[in-house]
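Visitor: I am new to this structure. Could you pick a single part and take me through it closely, starting with the strands and open space around it?

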Amino acid sequence: MNRTDRLYGIVEELRAVAPRPRSARRLAERFEVSVRTIERDLAALQQSGLPIWAEPGRTGGYVIDASASLGPAGFTLDEALAVLIGLGSLRSGPFRLSARTAARKMLAVMPDGDAARAVGLASRVHFLESEDDAVVPVEFAAALRGDRVVRLRYAAAGGAETTRDVEPLGSIGKDGQWYLIAWCRLRDGVRAFRGDRMLSVEVTDERPPRRTLRSEDLAIPYGRLRPVIDD
């Protein structure tokens, strides 16, 4: 176990038993290192701002505020690599700018050595993309999160352009394409709007009525919908 994984493990071990203390000796046995190494790790965690304190006495030890957790610096190498790959897959999507800054923020708070290893491994991973892949407007993201009526200038598959007011309900990604699922006031029903066919996106000040999106409203002929956050 490398030091980053051990630091994360120590925090989780202390949280699991809180508010009871855990001795340095028990922690050393748990992580198969010396007591001195554990004490150095605990000092480093304290210096990072985590609320860990020592309780003296025969039954004493180290205690942590149970609500405390270790931030992105506690990512394992594989976890950091997975995050970088996931963010890199958004390069042509509507969240590409946020994905780029999120990756930088994560690397900035990781230990320098771990960050360098994660970047080195991520540089070996590539995506095979079409030369003519269209870029989705970044305003797509604002339309999705704004909880406002959106005015779209949209090009249909046949090339015809329309301007319509829509009420965003969600989004679906498929084969590199992003679709805004919305209630279309022009068609008086739920429609899917492909991101790369959006010619302009204007978020208005109007708050739409609350609507419930049902799976049957999507009329998906094939495939299986999977949420971004699995249970």
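Guide: Let's start with strand β4, which gives 4 residues to the lining of the largest pocket, the largest share of any element. Strands here are DSSP runs of E with at least two residues, helices are runs of H or I with at least four, and both are numbered from the N terminus. You are looking at a predicted model, where local features need pLDDT of at least 70 and side-chain atom pairs count only at pLDDT 80 or more, while totals for chains, interfaces and linings use all residues. Residues are numbered from 1 along each chain as its sequence is written, and side-chain values use heavy atoms, without hydrogens or water.

The largest pocket holds about 860 Å³ of space (an open set of points on a 1 Å grid over the protein atoms alone, where a 1.4 Å probe fits, with protein on both sides within 12 Å along at least five of seven lines; lining residues have an atom within 4 Å of a point). It is lined by 24 residues, and Ser-171, Ile-172, Gly-173, Lys-174 and Leu-225 lie closest to its centre. By class, 15 of the lining residues are nonpolar, 4 polar and 5 charged.

Now follow β4 itself. This strand covers residues 161-174 and runs antiparallel to β5, residues 177-184, with 8 bridges between the two (strands pair if DSSP finds at least two bridges). Along this pairing, Val-166 faces Cys-184 of β5.

Step back and you see β4 within an open sheet of 5 strands, antiparallel in its pairing and ordered β6-β5-β4-β3-β7. At the edges stand β6 (189-194) and β7 (198-203); each has a single partner strand, so one side of each has no neighbour in the sheet. On average, neighbouring strands in this sheet are turned by 45° against each other, direction ignored.

For a second open space, turn to the second largest pocket, with about 560 Å³. Its lining has 19 residues, and those closest to its centre are Leu-84, Leu-87, Gly-88, Arg-91 and Phe-127. Here the elements giving two or more lining residues are α4 (77-88), α5 (96-109) and α6 (112-122). Helix α5 supplies the largest share, 6 residues. The lining of this second largest pocket divides into 11 nonpolar, 3 polar and 5 charged residues (Ala, Val, Leu, Ile, Met, Phe, Trp, Tyr, Cys and Pro count as nonpolar, Asp, Glu, Lys and Arg as charged, and the others, Gly among them, as polar).

Technical notes. Axes fitted to C-alpha atoms, helices over the stretch in contact; angles between N-to-C directions. Points joined across faces, edges and corners; volume = space filled by probe spheres on them.
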